[in-house]
Every structure is written in C-alpha cells, then in structure tokens.
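Dear colleague,

I am handing over the structure below, and my notes on it follow. Please read them with the coordinates open.

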Amino acid sequence: GVAVGRVSVEAWIREYARLIAEAAPRLTELDSAVGDADHGANLSRGMAAVVAALDSSSFDDDGALLKKVGMTLVSTVGGASGPLYGTFFLRVSSALGDGFPAAFRAGVDGVAARGKSAVGEKTMLDTLVPAADALEAGKDWPAVVDAASAGRNSTVPLVARKGRASYLGERSAGHLDPGAESSFLLVRAAASALGA
Ligand code: ADP
Ligand code: MG
Ligand code: MG
C-alpha cells in the first residue's frame, strides 16, 4: 500500500487546515444554498484548533497525532461535520497499522456508521467512498483525486437524504454539497502531502 511516514501524516493535516482556511468563504456559500451557511466557519474553526494543538504538543506516533485531530474536531465544531470528521480521524488513527488505504477506508466506514448514511445521499460520503475505492484498488494519487472529484460533482443533481439539506427535499437538487467539497479538499491534501 501507500507508505505513510510521521512527517507526511502531520503534513496532510496541516495542508488540509490550509486548504480549509482558504476555501472557508466558498464552503459557507455552498452551505448557504442547502444548509445554514456555517460549513466554512465550522471547519476553519475546527482546523485552526487542530493546528494550535499540533503546534503546542508532541505525539509519540501518527496514531496519537490523528487521535488528537479527531478529538479536537469533535470538541470544537458544533454541527454535523464536527462529529463526522472527528469520527473519520479517530477511525483512521486506530487503523493506521493496516496501511493508509485500509485506514482511510476505516475512517470512511466510521462516517457512514456515525451519520447512518451511504453513497447517493448527497453528503461527504459521495466524495470519500470513491476515494477509498480508488486507494484500495491501488490507484495512484492523481487517479484517487480524480475519483474524489467525480464523486463530489455527482452530488449536484442529487436530492439530499441526510443532514440539514434534506429539509429542502427536491429543492436541494442542483447544488453541490458543502461536505462533499470539504472532503475533496481532504483528499487533495492527502495527495499533496502523502503522494510521493
Ligand atoms: P450542519 O449541517 O450541522 O450545519 P455543517 O454545515 O458543518 O453542519 O456540515 C454539513 C455537511 O455535513 C453536509 O454538507 C454533509 O456533507 C455532511 N453531513 C450532514 N449530515 C450527514 C450524515 N448524516 N452523513 C454524512 N454526512 C453528513
Ligand atoms: Mg451547516
Ligand atoms: Mg450548522
């Protein structure tokens, strides 16, 4: 599988925080169409807290670092995305010994379990599941990013079945899901930090 070292996992998280800070206005704009206009604020607050935790602590290994990331997101992000991304990182943390593709899959399965959700419901899973499939199929990083991008784009015509966007019913169709976009940034960050 994909080799992951201590520095690159930390670089993944820091790059994700950077991309989230940069994209926050756009994520909030996407959430204003189908939700409550806070997805950018939620995640940028959470990832800023994560970066502060990384700056002020040292960790024995990548698992401990990712556990801190997950716990920080759960405790600092109000809203659906905090517990969901928090669960993702906690599950990745626990499964890291099985290699990155398997750990990423465990994280995605954790989101599905926590959210009681599946592909096709217009959520972050529409990005994350195809990315996990591509990683486990042994695809290279550009192909993994392409799979995530196609999955993200697939949310546009979908009717939301989970989360606040589902309150809109049919009117949720025609908009990109904000969580599908933030999950695309998570995969892009992995490709830049972990892709050799
Ligand atoms: P909130 O909806 O509580 O304001 P955010 O705006 O931060 O939280 O996050 C919304 C995103 O969370 C959605 O765009 C969607 O991708 C994701 N989401 C919401 N509910 C679920 C769920 N049950 N399963 C998976 N993802 C979900
Ligand atoms: Mg919201
Ligand atoms: Mg909210």
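At what angle do helix 4 and helix 5 pack, and how far apart are their axes? The angle is about 145° and the axes lie 7 Å apart, where axes are lines fitted to C-alpha atoms, for helices over the stretch in contact, and angles run from 0 to 180 degrees between N-to-C directions. Helix 4 passes helix 5 in a right-handed crossing, a crossing being right-handed if the near helix is turned clockwise from the far one by less than a right angle, and left-handed if anticlockwise. The contact includes Leu84, Phe88 and Val92 of helix 4 and Phe104, Val111 and Arg114 of helix 5; two residues are in contact if their C-beta atoms, placed from the backbone, lie within 7 Å. Its residues divide into eleven nonpolar, five polar and three charged (Ala, Val, Leu, Ile, Met, Phe, Trp, Tyr, Cys and Pro count as nonpolar, Asp, Glu, Lys and Arg as charged, and the others, Gly among them, as polar).

Before going further, please note that this is a predicted model, in which local features need pLDDT of at least 70 and side-chain atom pairs count only at pLDDT 80 or more, while totals for chains, interfaces and linings use all residues. Residues are numbered from 1 along each chain as its sequence is written, and chains are lettered from A and ligands numbered from 1 in the order in which they are written.

As for the overall fold, the protein has eight helices and zero strands (DSSP runs numbered from the N terminus, helices being H or I of at least four residues and strands E of at least two). Of its 196 residues, 49% count as buried, meaning that 20 or more other C-beta atoms, placed from the backbone, lie within 10 Å of the residue's own, with 12 or fewer for exposed and partly exposed in between.

Around ligand 1 there are 23 residues, the closest being Gly79, Ser81, Gly115, Gly163 and Gly179, where a residue is near a molecule if its C-beta atom, placed from the backbone, lies within 6 Å of it. This shell divides into seven nonpolar, ten polar and six charged residues, and its largest share, three residues, comes from helix 8.

Finally, Lys67 has its place in helix 3 (residues 62-76) and counts as partly exposed because it has 18 C-beta neighbours inside 10 Å. Leaving aside neighbours within four places in sequence, Lys67 is in contact with Leu90 and Ser93.

Best regards
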